[in-house]
Amino acid sequence: MASNHMGPWRYSDSYSVFDVFQTRIMLEGQMASLAAGRLMANQLDQMEKMTQQMEQGWAQQDLLANVEADLEFHAIIASACSNAMLRALYHTVRDQLTATQRQPIPITDPARMRESIAEHRRIIAALRANDPTGARLEMETHIRNTARCAGLEP
């Protein structure tokens with residue numbers, strides 16, 4: 001983990017970055033749980049591809065490719081959530097949610113990025129196993145660890 005903190009939070013007039021991470025833990029954890037058993041094989045394969053692209057982007061220091069692959073990974077899970085209201089809520093607050101994915105990238109330690117990629121693979125494994133509890137826990141852990149990279153403990 002980097003010892004630096006994220007730069008200025010662009011939504012500080014509306015929400016603290018802490019509140020957004022806390023919301024991500026609850027919302028995306030539940031969405032991952034409700035996506036288990038609903039993702040098609042091609043969606044799971046696409047999530048694997050996005051994780052590989054994250055890894056390659058990081059290795060080449062193409063941070064834009066890295067974060068775009070991360071955003072797509074999370075969006076696939078959201079799209080498979082069985083609760084239409086949670087899907088709508090995700091889209092309503094997506095700009096704030098994705099800012100917490102984008103903003104820590106420049107201060108991310110290489111070891112943390114390797115952990116993040118491994119966390120993505122554990123999320124995929126839980127989803128492939130149709131394990132809603134595992135998917136929720138893996139997603140919550142992933143987001144908490146990302147928040148720690150940003151200097152927060154939600």
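Which residue follows H6 with a positive phi? In this predicted model, in which local features need pLDDT of at least 70, side-chain atom pairs count only at pLDDT 80 or more and totals for chains, interfaces and linings use all residues, that residue is Asn130, with a phi near 55°. Residues are numbered from 1 along each chain as its sequence is written, and side-chain values use heavy atoms, with hydrogens and water left out.

The secondary structure consists of seven helices and zero strands, where helices (H or I, at least four residues) and strands (E, at least two) are DSSP runs numbered from the N terminus. The radius of gyration, taken over C-alpha atoms, is 14 Å, close to the 15 Å that the globule rule (2.2 Å times the number of residues to the power 0.38) gives for 154 residues, so the protein is as compact as a globular protein of that length. Along the principal axes, the C-alpha atoms fill a box of roughly 40 × 35 × 20 Å. Of the 154 residues, 47% count as buried, that is, under 20% relative accessible area with a 1.4 Å probe and protein chains only.

Helix H6 spans residues 110–128, and its 19 residues reach 27 Å from the first C-alpha to the last, close to the 27 Å expected at 1.5 Å a residue; the expected span is 1.5 Å times one less than the number of residues. At the N-terminal end, H6 is capped by Asp109, a side-chain oxygen of which lies 2.9 Å from the backbone nitrogen of Ala111. The buried residues of H6 include Arg112, Glu119 and His120 as well as Ile117, Ile123 and Leu127, and the buried residues of this helix pack against H1 (17–35), H2 (41–59), H3 (63–80) and H7 (132–149).

Leaving aside neighbours within four places in sequence, Ile77 is in contact (heavy atoms within 4.5 Å) with Met31, Ala32, Ala35, Met47, Ile123, Leu127 and Met139. Among contacts between residues at least 6 apart in sequence, 81% join residues at least 24 apart.

Key. Buried < 20%, exposed > 50% of the residue type's maximum accessible area, 1.4 Å probe, protein only. Polar contact = N/O pair within 3.5 Å; in protein donor to acceptor, adjacent residues only side chain to side chain.
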